Amino acid sequence: MITLAAEQQAAVQRRTVMVLSAGQVLGGIAFGATVSLGALLAADLSGDDGLSGLATASVTLGPALCSIPLARMAARVGRRRALTLGNIFALVGIMIVVLAVALRIFPLLLLGTLTIGAGNAGNLQSRFAATDLAAPEHRGRDLSIVVWSTTIGGVAGPLLLAPGEVVGHALGMPPQTGSYAFSFVAQCLALVLYLVALRPDPLLTAQRLARAAATVASTVREDRPVVARYAIFAVAGSHVVMASVMAMTPVHLSHMAHEMHGTATTPADVSALVGITIALHVGGMYALSPVFGILADRLGRLRVVLIGQVLLGGALAFAVFANDQAWGVIVALILLGLGWSAATVAGAALLTESSAPELRTRRQGRSDSLMSLCAAAGAVLAGVILSNFQYAGLGIAASVIVVAIVVLSPLARGRAA
C-alpha cells in the first residue's frame, strides 16, 4: 500500500518535472541560437574559418568550468539557487555577445559565448534534478522528459534566426544578433520560473528523505565506481562527437552553398539553410528522448548507450560519404542528434544508479564538466580538421571515439542496471 509520504513525494516529483521542463523550453532558446550563430559570428569577426570552432569551444568550456561549482552549490543550498545562477550567467553572456558584434571584438565574443555556456551548466544540471526524487523504475523516463522539453526551445532558437534579423534591425541591434533578443526574454522568464515555482527544492527534499531512511537497508545501494567511470566516458565521448561535427556544419553548409550557387547566394539563404539543418539536428537531440528513457528503463542503460553509438556511427557515415549534398548533411545531423540523445539519457541514468547517494551529486558535476571540457577541445580540433581535411575527414576522426565507447563497454556489461 502506498503511504501518504510516498504519494506526497510522487506529487512533488511531478511538479518538479513540470517546472524543470518549462525551464528547459526557455533555456533551450538561448543555447539553440548560440550554437547556430557562434561559428558564423566567430568566422566573421576573426576573418578565419579555422578559428570558427573557438565559439563552440567557448560555449562548451563554460559548463566545463562551472558544472562542478554549480553541483557543489546545489548540494549545499539546493537546485533552485544553482539553476537561477545559471540563468544569470546566460543573461550576462547574451549582452556581452551583442556588444562584441557591435564593436567587432573577437575575444569579447568568445567571452560572451563562454558566459552563455556557463549558464548552460544549469540546463545540464536540470536533467539530474529530475532524478532527485524519481522512483528507480521511472528514473530514465523522468530524466528523458526534461531532456525532451528542450526540443521546443532548441528547435525554436535556430528557426528564430531569420525573424530575429527583422527584430534586431528594428531594435538597432548588430547584424546576425537579432535572435538574441528572444533569448534574453526567454532567460528572464526562466529565472522567474525557477525562483517562484521550484519549491520545495528537489535535491534538498531528497537529502532529507535519505537521512530519514538511512536505517532502512533497502535504501542503501552499492557503489559501482567502474560502471560510473564508464558512464562518464560514454556521455563525454558521445557529446564530443556530436558537438565537434555539429559545430562545423554551419561553416561547411556555407561553403557548400557558395560552391553550388556562387555569387547568387545571399547571407539570408545561408542562414535559412543553417537554421533548418540545426533545427532538425536539435529536434533529433531531444524529440525522441522519452523513447530512449523508456527503453533505458526496460532494456537496460548500457544497451541504450550502445544503440546511441550505432546511431552516431550512421551519422558519421553520411558525413563522410554524402557530405556534398544538403540532404546528406541533414540526415547526418538528425542521426547525430538521435545518437547523442540515446547515449546521454541512458548514460546519465547509468551514472546516477551506479553512484552511492553521498557521491552522486559530485559525480554528476564531474560528468558535466568533463563532457563540456572534451567538447570544447573537440570543437577547436574540429575547426583545424575541417580546414585541412574537410568535412569527411572530420567524420572519420570522430568515428574513433564511437569505436572506443563500444570497445570499452564490457567494463559495465553485467554490472549495469
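**Figure 1. Ser-354 and its contacts in the predicted model.** In this predicted model, Ser-354 is in contact with Glu-222, Asp-223, Arg-224, Val-227, Ala-228 and Arg-363, leaving aside its neighbours within four places in sequence. Ser-354 sits in the loop that links helix H13 (326-353) to helix H14 (357-407). Is Ser-354 buried or exposed? Its relative accessibility is 0%, so Ser-354 counts as buried. The side chain of Ser-354 also reaches the backbone oxygen of Leu-351, at 3.2 Å.

**Figure 2. Helices H12 and H13 side by side.** Helix H12 covers residues 301-321, and its axis comes within 7 Å of the axis of H13. The two axes cross at roughly 160°. Angles over 145 degrees count as roughly antiparallel, which means that H12 is roughly antiparallel to H13. The crossing of H12 past H13 is left-handed. Which classes of residue make up the contact of H12 with H13? The contact has 19 nonpolar, 6 polar and 2 charged residues.

**Figure 3. Helices H6 and H7 at an angle.** Helix H6 takes in residues 161-171 and helix H7 residues 179-197. Their axes are 6 Å apart, and the helices pack at an angle of about 90°. An angle from 65 to 115 degrees counts as roughly perpendicular, so H6 and H7 are roughly perpendicular to each other. On the H6 side, the contact is made by Leu-161, Pro-163, Gly-164, Val-167 and Leu-171. On the H7 side, Ser-179, Ala-181 and Phe-182 take part. Sorted by class, the contact of H6 with H7 has 6 nonpolar and 2 polar residues, and no charged residues.

Figure 4. The peptide bond from Arg-199 to Pro-200 is cis. Its omega is near -5°. Where is Pro-200 placed? Pro-200 lies in the loop between H7 and helix H8 (202-212).

**Figure 5. Asn-87 of helix H3.** Asn-87 is placed in helix H3. With a relative accessible area of 3%, Asn-87 is buried. The cut-off for this term is under 20% relative accessible area. Which residues does Asn-87 touch, not counting those up to four places away in sequence? They are Gln-187, Ala-190, Leu-191 and Tyr-194.

**Figure 6. Two residues with positive phi.** Arg-104 is not a glycine, yet it has a positive phi of about 55°. Arg-104 is found in the loop between helix H3 (79-103) and helix H4 (106-129). A relative accessible area of 46% makes Arg-104 partly exposed. Gln-390 is not a glycine either, and its phi is also positive, at about 65°. Gln-390 has its place in helix H14. Gln-390 is exposed, and its relative accessible area is 58%.

Figure 7. Gly-47 belongs to the loop between helix H1 (4-46) and helix H2 (53-77). Is Gly-47 buried or exposed? The relative accessible area of Gly-47 is 67%, so Gly-47 is exposed. Gly-47 and Phe-106 are 59 residues apart along the chain, and 9.6 Å separates their C-alpha atoms.

**Figure 8. Arg-76 and Leu-203.** Arg-76 is found in helix H2. Arg-76 is exposed, with 62% relative accessible area. How many residues apart along the chain are Arg-76 and Leu-203? They are 127 residues apart, and their C-alpha atoms are separated by 9.5 Å.

**Figure 9. The chain that holds these views.** The chain has 14 helices and 0 strands. Its pattern along the sequence is α-α-α-α-α-α-α-α-α-α-α-α-α-α. The chain has 417 residues, of which 57% count as buried. Among the contacts in the chain with a separation of 6 or more, 84% join residues 24 or more positions apart.

Methods
Residues numbered from 1 in each chain as written. Predicted model: local features only at pLDDT ≥ 70, side-chain atom pairs only at ≥ 80, totals over all residues. Heavy atoms only, no water. Helix = DSSP H or I, 4+ residues; strand = E, 2+ residues; numbered from the N terminus. Buried < 20%, exposed > 50% of the residue type's maximum accessible area, 1.4 Å probe, protein only. Polar contact = N/O pair within 3.5 Å; in protein donor to acceptor, adjacent residues only side chain to side chain. Contact = heavy atoms within 4.5 Å. Axes fitted to C-alpha atoms, helices over the stretch in contact; angles between N-to-C directions. Parallel < 35°, antiparallel > 145°, perpendicular 65-115°, else oblique. Left-handed = near helix turned anticlockwise from the far one by under 90°. Nonpolar A, V, L, I, M, F, W, Y, C, P; charged D, E, K, R; others polar.
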